[in-house]
Amino acid sequence: MKFKYLFIFAYFVLFFPGTKVTLSQDIKKEICITVDDLPYITKVFKEIKSGQYITDKLLSVFGKYKVIALGSVNPGKLFVNDELDSNKINILYQWLDSGMILANHTFAHKNYNKIFFSEFKYDILEGEQYLKDILAKKNQKLKYFRHPHLFRGETKEKADSLQYFLDSLGYTVAPVTIDNSDYIFSWAYEKALYKKNDSLAKKIGNDYVKYMNDVMDYYESQSISLLGYNVKHILLTHANMLNADYMEELLQMYTEKGYSFISIDNALEDNCYHNLKDEFYKKSGISWIHRWAYTMGKRGDFFKGEPEVPEYINELVK
Ligand SMILES: [Zn+2]
């Protein structure tokens, strides 16, 4: 730094102590929004009317913020009394007509930690069978796979078997960098709505946005400390009541932080998704940043500081 610039810098720090002296304006900020468990997922409001409400609100906000989201589908949820339900299929058509991309999230969202690969692979194939037909009606092809619970296999053998199988079917895995507990907040939120406790529902919604703000800051700093730059982020959310009501506030929060919204295709142009190894063979479903960190030998302190769900929310869902 030349002397003159050093002087100007010192002047700002001394006379504007509130000025944040960071290089944050130089950090690239891009984020891909993904929404899991389509057509929709709720614990309380299971009727189609709620599913339609969730869909309409999410898609209208995505349109407003020019978001091309990835929606991960569990075709098993398209059935009512063992028959495909046209209202639920229409929800997926609505996603496609709005320019969104759909991924296979397996037929029944089984827990890969609890079953053999031989069983899990049929859940992938069954999901694919229904989803391919739906996409074909809109002249689209199935490309992406999202792991249920972000479980990739708790042993090297299981992880490799699954990855080879996905490769053989031509899938591109849709990773996640920003993992979070939106589903816990949503469960608490639905309980508050069900009890018609509007002030509690509003508090949960506001605390959710604050939590997601902290989660974004956390993974931004994790990315920079691990990789030396801010990755093209991929956010995990779910097609639930809470995100229907608060997605706009989330997108506004990301916008105010300087983030622009990118598609999954664009996010995966970041080389880290192709060059970095994941040798995290454990039962947890975690961020890819943490998978890479673990593989690179990071332990303990590196992972500290992840924002936590407020205690009253955990109590509400007990
Ligand atoms: Zn899921």
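View 1. Leaving aside its neighbours within four places in sequence, Arg-291 is in contact (heavy atoms within 4.5 Å) with Leu-150, Arg-152, Lys-277, Asp-278, Phe-280, Ser-284, Gly-285 and Ile-286. The residue belongs to helix 11, which spans residues 288-295; helices (H or I, at least four residues) and strands (E, at least two) are DSSP runs, numbered from the N terminus. Arg-291 is buried, with a relative accessible area of 1%, where buried means under 20% relative accessible area, exposed over 50% and partly exposed in between, for a 1.4 Å probe and protein chains only. This is a predicted model, in which local features need pLDDT of at least 70 and side-chain atom pairs count only at pLDDT 80 or more, while totals for chains, interfaces and linings use all residues. Residues are numbered from 1 along each chain as its sequence is written, and side-chain values use heavy atoms, with hydrogens and water left out.

View 2. Asp-37 (OD), His-105 (NE2) and His-109 (NE2) are the protein donors of the zinc ion and lie 2.1 Å from it; donors are N, O and S atoms within 2.8 Å of the metal (3.2 Å for Na, K and Ca), and water is not among the atoms, so sites may look incomplete. Along the chain, the donors follow the spacing D-x67-H-x3-H. Distant parts of the chain are linked by the pair Asp-37, in strand 1 (residues 30-38), and His-109, in the loop between strand 5 (101-104) and helix 4 (117-137), which are 72 residues apart. Asp-37 is buried, its relative accessible area being 7%.

**View 3. Helix 6 against helix 7.** The axes of helix 6 (residues 182-194) and helix 7 (residues 198-227) come within 8 Å and cross at roughly 165 degrees, axes being lines fitted to C-alpha atoms, for helices over the stretch in contact, with angles running from 0 to 180 degrees between N-to-C directions. That makes helix 6 roughly antiparallel to helix 7, given that angles under 35 degrees count as roughly parallel, over 145 as roughly antiparallel, 65 to 115 as roughly perpendicular and the rest as oblique. The residues of helix 6 that meet helix 7 include Phe-185, Ala-188 and Ala-192, and among those they meet are Leu-200, Ala-201 and Ile-204. The residues of this contact of helix 6 with helix 7 divide into 10 nonpolar, 1 polar and 2 charged; Ala, Val, Leu, Ile, Met, Phe, Trp, Tyr, Cys and Pro count as nonpolar, Asp, Glu, Lys and Arg as charged, and the others, Gly among them, as polar.

**View 4. Ala-192 within helix 6.** Ala-192, which has its place in helix 6, is buried, with a relative accessible area of 3%. Beyond its neighbours within four places in sequence, Ala-192 is in contact with Asn-197, Leu-200, Ala-201 and Ile-204. Ala-192 and Ile-204 are 12 residues apart in sequence, and their C-alpha atoms are 8.7 Å apart in space.

**View 5. Helix 2 beside helix 3.** Helix 2 (residues 48-64) and helix 3 (residues 86-97) have axes that come within 11 Å and cross at roughly 0 degrees, and the two helices are therefore roughly parallel to each other. Residues of helix 2 including Gln-52, Leu-59 and Phe-62 meet residues of helix 3, among them Lys-88, Ile-91 and Trp-95. The residues of the contact of helix 2 with helix 3 divide into 6 nonpolar, 5 polar and 2 charged.
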